[in-house]
Amino acid sequence: MLTEERQQRILKLLEEQSAITVTELTEFLDASESTIRRDLNALHKMGKLVKVHGGATSVENNMASIEYDMTTKAGIAMTEKKKIAQYAASLIEKDDFVFIDAGSTTEWMIDFINEPAEFVTNGLNHARKLSKKGYRVHVLGGEYKMSTEAIIGVEALRSLELYHFTKAFMGVNGISLKCGYSTPDTQEAYVKRAVIKRAREAFILADHSKFNLISRVTFSALGDAQIITDQKPEENYEEYTVVKEV
């Protein structure tokens, strides 16, 4: 059986049952375990399935559909988030005009910022913390979303039309070779997309658990921003963008 035909049959099986093991595939396709693992690696890199221990799952089965509130988010991967935040903060230079997205990792950034810069944010708690540190900060107008403590909506998009950022630091729910950067909420996605388009440099702050996840709404392609993470994934995301491991 040709490689392409075998891989198409693997994808067809995943359409039917969402998950499959290497052992099952060796039996179904009459192929060696090493051949099947090579196929899974290749399909995973192409974003057509998600390779897991002992087998694979369909991309659709690897959805990041749950959106936690800020209190819950703050307690997840705290050590990793602080490392990412500290490195991100070190990128801010004197006189930068910076957008800081609402989110738990971006909020940690504020503790590490030392340069005299000016800020715009859609996170109310972010604005409060920046102001307490003595920074000049602008807050987007619009609708307040309680679960993520973010300002969203049409008014927020109109506010963004005024600005041109030297740097933007963004949160994310899922990063995928197939679907780029994604988030559960359409309104937040619009804001994130608008910010990235108006930034000279954009950075996605994401711990390693965000890779190979797809949330409901894509807000940007991989090449639109650089990624700062605590651990690079096995897949070659660097083919599409800069990935900095801290």
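## A pocket and its lining

Let's start with the second largest pocket, which is lined by His 44, Val 50, Lys 51, His 208, Ser 209, Phe 211, Asn 212, Gln 231, Lys 232, Pro 233, Glu 234 and Glu 235. Bear in mind as you explore that this is a predicted model.

The space in this second largest pocket comes to about 250 Å³.

Val 50 stands opposite Thr 57 in S3. Strand S2 covers residues 49–52 and strand S3 covers residues 55–58; the two run antiparallel and are joined by four bridges.

Two residues lie between the strands of this hairpin, and Gly 54 has a positive phi near 85 degrees there.

## Two helices side by side

Now turn to helix H6, residues 104–112, and helix H7, residues 124–132: their axes come within 10 Å and cross at roughly 0 degrees. Angles under 35 degrees count as roughly parallel, and H6 and H7 are therefore roughly parallel to each other.

Which residues make the contact between H6 and H7? From H6 come Thr 106, Glu 107, Ile 110 and Asp 111, while H7 brings Asn 125, His 126, Lys 129 and Leu 130. In the contact of H6 with H7, two residues are nonpolar, three are polar and three are charged.

How values were computed:
Residues numbered from 1 in each chain as written. Predicted model: local features only at pLDDT ≥ 70, side-chain atom pairs only at ≥ 80, totals over all residues. Heavy atoms only, no water. Axes fitted to C-alpha atoms, helices over the stretch in contact; angles between N-to-C directions. Parallel < 35°, antiparallel > 145°, perpendicular 65-115°, else oblique. Contact = heavy atoms within 4.5 Å. Nonpolar A, V, L, I, M, F, W, Y, C, P; charged D, E, K, R; others polar. Pairing = 2+ DSSP bridges. 1 Å grid on protein atoms, 1.4 Å probe; cavity = no way out; pocket = protein on both sides within 12 Å on 5 of 7 lines; lining within 4 Å. Points joined across faces, edges and corners; volume = space filled by probe spheres on them.
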